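Subject: Handing over a structure

Hi there,

Here is the structure I promised to pass on to you. Have a look at it first, and then read on for what turned up in it.

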Amino acid sequence: MAEIVLMSDPKIAAIPVVECGEPLVDVRVGEPLPVDARKRDGEGAFAHLREGVLARLLEAQGLLPDGVRLLFVEGYRPPSLQRAYFERYADELRASNPGWDEERIRVAASRYVSPPEIAPHSAGAAVDLTLVDADGRELDMGTRMNASPEESGGACYTDAEGIGRRARANRRLLGDVLTAGGLVNYPTEWWHWSYGDRYWALGSCAPHAIYGPRELSD
């Protein structure tokens with residue numbers, strides 16, 4: 001497995017953001033993608049993405065074979081919710097690893113939840129998604145979506161060994177179409193893809209990110 005740059009790496013935070021001002025859009029309008037309700041919230045924040053990210057998802061969906069579609073699960077995440085997710089997971093790691101110092105906790109937590117100050121979800125730049133068949137059944141991806149490294153024994157990593165042949169083929173299909181659409185994957189989470197954020201800038205050798213954290217109402 002290739003070396004993985006985690007979200008906690010200082011080189012990610014060092015990438016500048018030149019905010020382009022592109023709006024967040026509700027991916028449910030017009031129903032261009034099937035949207036799962038498992039992450040729904042009162043304001044419908046989960047179903048928002050930057051306009052350019054949605055355009056690239058639709059491009060990727062057009063590359064899928066007949067009978068297979070993308071299933072959108074979560075996009076935008078308010079900064080306060082991102083912070084809560086990160087702190088909750090960090091607390092779990094502290095409880096199970098009392099000998100770890102705070103830097104080790106932060107690095108380990110970033111395998112699964114991005115540090116709030118650089119989180120792609122809070123920029124409307126990231127999407128968690130999977131594949132479904134024509135009847136809406138999720139395809140075998142080797143783990144459930146949002147399985148932590150501890151729960152899955154590391155099988156949540158995109159290139160993890162030990163997953164079945166069908167799951168590997170499905171991950172490859174997902175990756176092929178999303179990469180063709182210009183998105184980049186966070187390698188510790190097969191379901192997490194982004195465009196326009198700092199992690200995308202690193203993976204794409206872009207000079208800066210074009211989307212920074214924002215509130216839904218901005």
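Where does Pro120 lie? The place to look is the loop that runs between helix 4 (102-109) and strand 4. Before going further, please keep in mind that this is a predicted model.

Is Pro120 buried or exposed? Its relative accessibility is 1%, so Pro120 counts as buried. Setting aside neighbours within four places in sequence, the residues in contact with Pro120 are Met7, Ser114, Ala125, Ala126, His192, Ser194 and Asp197.

Pro120 is one of the residues that line the largest cavity, and others include Val17, Ile118, Asp197, Arg198 and Tyr211. Sorted by class, this lining has 7 nonpolar, 1 polar and 3 charged residues.

What is the volume of the largest pocket? The value is about 340 Å³. There are 20 residues lining this pocket, and those closest to its centre are Arg77, Tyr85, Tyr112, Val113 and Asn146. Helix 3 (residues 79-96) gives the most to the lining, with 5 residues. The lining has 9 nonpolar, 5 polar and 6 charged residues by class.

One of those residues deserves a second look. Asn146 is found in the loop between strand 4 and helix 5 (149-152), and its phi is near 70°, a positive value in a residue other than glycine. For background, most residues other than glycine have a negative phi. Glu31 is another such case: its phi is positive, about 50°, although Glu31 is not a glycine. Glu31 is found in the loop between strand 1 and strand 2. As for accessibility, Asn146 has a relative accessible area of 14%, so it is buried, whereas Glu31, at 65%, is exposed.

Next, the interior. In soluble globular proteins, nonpolar side chains tend to be buried together. Which residues touch the most other members of the largest nonpolar core? This core has 47 residues, and the ones in question are Leu57, Leu70, Val127, Leu129, Leu174, Leu178 and Leu183. Two or more residues each come from helix 2, strand 3, strand 4, helix 6 and helix 7 (198-204), and strand 3 gives the most, with 5 residues. Apart from this core lies another, of 9 residues, among them Phe86, Ala90, Leu93 and Ala108.

Beyond its neighbours within four places in sequence, Leu183 is in contact with Val53, Arg56, Leu57, Val127, Leu178, Trp193, Ser194 and Tyr195.

His48 lies in strand 2. With a relative accessible area of 12%, His48 is buried. Not counting residues up to four places away in sequence, His48 touches Leu24, Val25, Asp26, Arg28, Gly75, Tyr76 and Leu216.

Finally, the aromatic rings. How many aromatic pairs does the structure hold? There are 5. Trp190 and Trp191 form an edge-to-face pair, with 5.3 Å from centre to centre and 85° between the planes, and both residues are buried. The ring centres of Tyr195 and Trp200 are 4.8 Å apart and their planes lie at 55°, so this pair is tilted. Both Tyr195 and Trp200 are buried as well.

Enjoy exploring!

Best wishes

Technical notes
Residues numbered from 1 in each chain as written. Predicted model: local features only at pLDDT ≥ 70, side-chain atom pairs only at ≥ 80, totals over all residues. Heavy atoms only, no water. 1 Å grid on protein atoms, 1.4 Å probe; cavity = no way out; pocket = protein on both sides within 12 Å on 5 of 7 lines; lining within 4 Å. Points joined across faces, edges and corners; volume = space filled by probe spheres on them. Helix = DSSP H or I, 4+ residues; strand = E, 2+ residues; numbered from the N terminus. Nonpolar A, V, L, I, M, F, W, Y, C, P; charged D, E, K, R; others polar. Core = buried A, V, L, I, M, F, W, Y, C linked by side-chain atoms within 4.5 Å. Buried < 20%, exposed > 50% of the residue type's maximum accessible area, 1.4 Å probe, protein only. Contact = heavy atoms within 4.5 Å. Phe/Tyr/Trp six-rings, centres within 6.5 Å; stacked < 30°, edge-to-face > 60°.
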